[in-house]
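Please look over the structure below before reading on. The briefing that follows covers a few of its strands and helices.

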Amino acid sequence: WYDAPLTSLGKEQAIEAGKILKEHHVHLDTVHTSLLTRTIQTTYLILETIDKLYLPVHKTWRLNGRHYGALEGMNKDQARKIYGEDQVKQWRRSYRAVPPLADTHSLCQRYPFLPPEVIPRGESLEQTRRRMEPYIEEVIQPELLQGRDVLVVAHGNVLRAFTMILENLSEEELFKVEIQNAQPIVYDFHSDLSVAKKIIWTRSSY
(Lines give C-alpha, C1' and ligand atoms only; values in the text may rest on other atoms or scores of the structure.)
Protein backbone atom coordinates (compact mmCIF):
# COMPACT_ATOMS: atom_id res chain seq x y z
CA TRP A 1 0.00 0.00 0.00
CA TYR A 2 3.10 2.15 -0.27
CA ASP A 3 1.88 5.01 -2.46
CA ALA A 4 4.69 5.54 -4.95
CA PRO A 5 3.89 7.56 -8.09
CA LEU A 6 4.54 6.22 -11.57
CA THR A 7 8.11 6.41 -12.79
CA SER A 8 8.93 7.78 -16.23
CA LEU A 9 9.12 4.19 -17.47
CA GLY A 10 5.74 3.43 -15.88
CA LYS A 11 4.18 6.39 -17.70
CA GLU A 12 5.64 5.18 -21.00
CA GLN A 13 4.29 1.67 -20.36
CA ALA A 14 0.80 3.02 -19.56
CA ILE A 15 0.72 5.04 -22.77
CA GLU A 16 1.95 2.00 -24.69
CA ALA A 17 -0.87 -0.08 -23.21
CA GLY A 18 -3.33 2.58 -24.33
CA LYS A 19 -1.90 2.49 -27.85
CA ILE A 20 -2.40 -1.27 -27.98
CA LEU A 21 -6.02 -0.96 -26.86
CA LYS A 22 -6.62 1.81 -29.39
CA GLU A 23 -5.05 -0.21 -32.20
CA HIS A 24 -7.45 -3.06 -31.46
CA HIS A 25 -10.48 -0.73 -31.21
CA VAL A 26 -11.33 -1.92 -27.71
CA HIS A 27 -14.76 -0.81 -26.48
CA LEU A 28 -15.07 0.12 -22.79
CA ASP A 29 -18.00 1.08 -20.58
CA THR A 30 -16.52 1.37 -17.10
CA VAL A 31 -13.13 1.37 -15.38
CA HIS A 32 -12.09 0.12 -11.93
CA THR A 33 -8.82 0.83 -10.15
CA SER A 34 -7.29 1.14 -6.69
CA LEU A 35 -6.80 4.14 -4.41
CA LEU A 36 -3.05 4.23 -5.06
CA THR A 37 -1.46 6.95 -7.15
CA ARG A 38 0.35 4.73 -9.64
CA THR A 39 -2.78 2.88 -10.80
CA ILE A 40 -4.83 6.07 -10.93
CA GLN A 41 -2.14 7.71 -13.07
CA THR A 42 -1.98 4.59 -15.27
CA THR A 43 -5.75 4.64 -15.68
CA TYR A 44 -5.92 8.23 -16.88
CA LEU A 45 -2.90 7.88 -19.17
CA ILE A 46 -4.60 4.90 -20.83
CA LEU A 47 -7.94 6.71 -21.12
CA GLU A 48 -6.28 9.81 -22.54
CA THR A 49 -4.44 7.69 -25.11
CA ILE A 50 -7.65 5.98 -26.26
CA ASP A 51 -9.64 9.25 -26.21
CA LYS A 52 -12.00 8.04 -23.49
CA LEU A 53 -11.31 10.33 -20.54
CA TYR A 54 -15.07 10.70 -20.16
CA LEU A 55 -15.56 7.12 -18.95
CA PRO A 56 -16.59 6.62 -15.31
CA VAL A 57 -13.66 5.54 -13.13
CA HIS A 58 -14.44 3.72 -9.88
CA LYS A 59 -11.70 3.69 -7.23
CA THR A 60 -11.68 1.22 -4.34
CA TRP A 61 -9.29 0.20 -1.58
CA ARG A 62 -10.22 -3.42 -2.31
CA LEU A 63 -8.09 -3.26 -5.48
CA ASN A 64 -5.07 -1.83 -3.64
CA GLY A 65 -1.93 -3.88 -4.07
CA ARG A 66 -1.02 -6.64 -1.64
CA HIS A 67 0.16 -5.20 1.69
CA TYR A 68 3.74 -6.36 2.27
CA GLY A 69 3.77 -5.53 5.97
CA ALA A 70 7.19 -4.49 7.30
CA LEU A 71 8.53 -4.79 3.75
CA GLU A 72 6.35 -1.92 2.48
CA GLY A 73 8.44 0.68 0.66
CA MET A 74 11.44 -1.65 0.21
CA ASN A 75 12.58 -2.84 -3.18
CA LYS A 76 13.39 -6.52 -3.68
CA ASP A 77 17.16 -6.03 -3.32
CA GLN A 78 16.77 -4.27 0.03
CA ALA A 79 14.47 -7.00 1.31
CA ARG A 80 16.87 -9.76 0.16
CA LYS A 81 19.76 -8.16 2.06
CA ILE A 82 17.75 -8.13 5.28
CA TYR A 83 15.79 -11.39 5.07
CA GLY A 84 17.63 -13.51 2.49
CA GLU A 85 16.73 -14.39 -1.09
CA ASP A 86 14.88 -17.64 -0.32
CA GLN A 87 12.67 -16.04 2.32
CA VAL A 88 11.77 -13.08 0.11
CA LYS A 89 10.97 -15.44 -2.77
CA GLN A 90 8.65 -17.42 -0.51
CA TRP A 91 6.82 -14.27 0.60
CA ARG A 92 6.48 -13.03 -2.97
CA ARG A 93 5.45 -16.24 -4.70
CA SER A 94 3.68 -18.30 -2.04
CA TYR A 95 -0.10 -18.16 -1.88
CA ARG A 96 -0.33 -18.41 1.92
CA ALA A 97 2.92 -16.96 3.32
CA VAL A 98 2.48 -13.70 5.25
CA PRO A 99 5.40 -11.23 5.45
CA PRO A 100 6.37 -9.75 8.84
CA LEU A 101 3.59 -7.40 9.89
CA ALA A 102 3.99 -3.63 10.00
CA ASP A 103 4.29 -2.32 13.56
CA THR A 104 1.39 0.13 13.43
CA HIS A 105 -1.70 1.05 11.47
CA SER A 106 0.12 4.01 9.97
CA LEU A 107 -2.43 4.19 7.14
CA CYS A 108 -5.45 4.99 9.31
CA GLN A 109 -5.27 8.72 8.56
CA ARG A 110 -5.20 8.05 4.81
CA TYR A 111 -8.30 5.83 5.01
CA PRO A 112 -10.56 7.50 7.59
CA PHE A 113 -13.60 5.85 5.99
CA LEU A 114 -12.34 2.37 6.94
CA PRO A 115 -12.44 0.81 10.41
CA PRO A 116 -8.81 0.48 11.63
CA GLU A 117 -9.19 -3.28 12.03
CA VAL A 118 -9.96 -3.60 8.29
CA ILE A 119 -6.71 -1.96 7.20
CA PRO A 120 -4.09 -4.70 6.76
CA ARG A 121 -0.67 -4.69 8.41
CA GLY A 122 0.53 -7.41 6.05
CA GLU A 123 -1.13 -9.89 3.70
CA SER A 124 -0.60 -13.21 1.99
CA LEU A 125 -1.86 -13.50 -1.57
CA GLU A 126 -4.73 -15.58 -0.17
CA GLN A 127 -5.72 -12.70 2.13
CA THR A 128 -5.42 -10.26 -0.76
CA ARG A 129 -7.81 -12.41 -2.75
CA ARG A 130 -10.33 -12.51 0.12
CA ARG A 131 -10.12 -8.73 0.45
CA MET A 132 -10.86 -8.09 -3.23
CA GLU A 133 -13.46 -10.83 -3.80
CA PRO A 134 -16.46 -8.85 -2.46
CA TYR A 135 -15.79 -6.07 -4.96
CA ILE A 136 -15.50 -8.52 -7.83
CA GLU A 137 -18.71 -10.31 -6.84
CA GLU A 138 -20.78 -7.25 -5.96
CA VAL A 139 -19.57 -4.70 -8.54
CA ILE A 140 -17.54 -6.10 -11.45
CA GLN A 141 -19.39 -9.36 -12.11
CA PRO A 142 -22.83 -7.67 -12.23
CA GLU A 143 -21.48 -5.23 -14.82
CA LEU A 144 -20.18 -8.11 -16.91
CA LEU A 145 -23.53 -9.90 -16.63
CA GLN A 146 -25.18 -6.72 -17.95
CA GLY A 147 -22.98 -6.95 -21.04
CA ARG A 148 -20.68 -4.07 -20.13
CA ASP A 149 -17.04 -4.01 -21.19
CA VAL A 150 -14.91 -3.46 -18.09
CA LEU A 151 -11.31 -2.30 -17.68
CA VAL A 152 -9.53 -3.19 -14.42
CA VAL A 153 -6.27 -1.37 -13.71
CA ALA A 154 -4.63 -2.84 -10.63
CA HIS A 155 -1.39 -4.14 -9.14
CA GLY A 156 0.57 -7.26 -10.02
CA ASN A 157 -0.46 -9.43 -7.08
CA VAL A 158 -4.07 -8.26 -7.23
CA LEU A 159 -4.17 -9.15 -10.93
CA ARG A 160 -2.65 -12.56 -10.17
CA ALA A 161 -5.40 -13.17 -7.59
CA PHE A 162 -7.97 -11.89 -10.11
CA THR A 163 -6.57 -14.35 -12.68
CA MET A 164 -6.91 -17.16 -10.15
CA ILE A 165 -10.59 -16.31 -9.69
CA LEU A 166 -11.41 -15.81 -13.38
CA GLU A 167 -9.62 -18.94 -14.57
CA ASN A 168 -10.37 -21.10 -11.51
CA LEU A 169 -6.68 -21.86 -10.98
CA SER A 170 -5.14 -24.00 -8.27
CA GLU A 171 -2.35 -22.67 -6.03
CA GLU A 172 0.16 -24.64 -8.07
CA GLU A 173 -1.13 -23.18 -11.35
CA LEU A 174 -1.12 -19.67 -9.92
CA PHE A 175 2.57 -19.99 -9.00
CA LYS A 176 3.39 -20.03 -12.73
CA VAL A 177 1.32 -16.93 -13.56
CA GLU A 178 3.39 -13.89 -14.51
CA ILE A 179 1.80 -10.57 -15.42
CA GLN A 180 3.97 -7.89 -16.98
CA ASN A 181 3.53 -4.22 -16.15
CA ALA A 182 0.86 -2.48 -18.25
CA GLN A 183 0.27 -5.57 -20.39
CA PRO A 184 -3.28 -5.65 -21.78
CA ILE A 185 -5.01 -8.97 -21.09
CA VAL A 186 -8.46 -9.39 -22.63
CA TYR A 187 -11.10 -11.90 -21.56
CA ASP A 188 -14.28 -12.89 -23.38
CA PHE A 189 -16.84 -14.63 -21.18
CA HIS A 190 -19.68 -17.08 -21.59
CA SER A 191 -23.04 -16.09 -20.08
CA ASP A 192 -22.10 -17.85 -16.81
CA LEU A 193 -18.86 -15.79 -16.67
CA SER A 194 -16.66 -18.77 -17.42
CA VAL A 195 -13.79 -17.77 -19.70
CA ALA A 196 -14.47 -18.24 -23.41
CA LYS A 197 -11.22 -16.69 -24.64
CA LYS A 198 -8.10 -15.07 -23.23
CA ILE A 199 -5.86 -12.81 -25.31
CA ILE A 200 -2.57 -11.25 -24.21
CA TRP A 201 -1.60 -8.32 -26.41
CA THR A 202 1.86 -6.84 -26.87
CA ARG A 203 3.20 -4.40 -29.43
CA SER A 204 4.60 -7.36 -31.37
CA SER A 205 1.06 -8.76 -31.74
CA TYR A 206 0.40 -6.60 -34.79
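β4 and β5 form a hairpin with five residues between them. In the turn of this hairpin, Leu193 has a positive phi of about 70 degrees. The model is a predicted one, in which local features need pLDDT of at least 70 and side-chain atom pairs count only at pLDDT 80 or more, while totals for chains, interfaces and linings use all residues. Residues are numbered from 1 along each chain as its sequence is written, and side-chain values use heavy atoms, with hydrogens and water left out.

**Strands**

- Helices (H or I, at least four residues) and strands (E, at least two) are DSSP runs, numbered from the N terminus.
- Strands of a sheet pair through backbone hydrogen bonds, either parallel or antiparallel.
- Two strands count as paired if DSSP finds at least two bridges between them.
- The pairing of β4 with β5 is antiparallel and covers five bridges.
- Asp188 stands opposite Lys197, a residue of β5.

**The open sheet**

- An open sheet is formed by three strands in the order β2-β1-β3, with parallel pairing.
- β2 and β3 are at the edges and have a single partner strand each, so one side of each is left without a neighbour in the sheet.
- On average, neighbouring strands of this sheet are turned by 20 degrees against each other, direction ignored (axes are lines fitted to C-alpha atoms, for helices over the stretch in contact, and angles run from 0 to 180 degrees between N-to-C directions).
- β1 and β2 run parallel and are joined by three bridges.
- Thr33 has Lys59 in β2 as its bridge partner.

**Helix α6**

- Helix α6 spans residues 156-167, and its 12 residues reach 16 Å from first C-alpha to last, close to the expected 16 Å (1.5 Å times one less than the number of residues).
- Nine of the 12 residues of α6 are buried, so this helix is largely enclosed by the rest of the structure.
- Buried means under 20% relative accessible area, exposed over 50%, and partly exposed in between (1.4 Å probe, protein chains only).
- Among the buried residues of α6 are Arg160, Phe162 and Met164.
- The elements that the buried residues of α6 pack against include α5 (125-145) and β4 (185-189), where contact means heavy atoms within 4.5 Å.

**Helix α2**

- Helix α2 (residues 37-49) has 13 residues and reaches 18 Å from its first C-alpha to its last, close to the 18 Å expected.
- Its buried residues include Thr39, Leu45 and Ile46.
- The buried residues of α2 pack against α1 (8-23), β1 (30-33), β2 (57-59) and β3.
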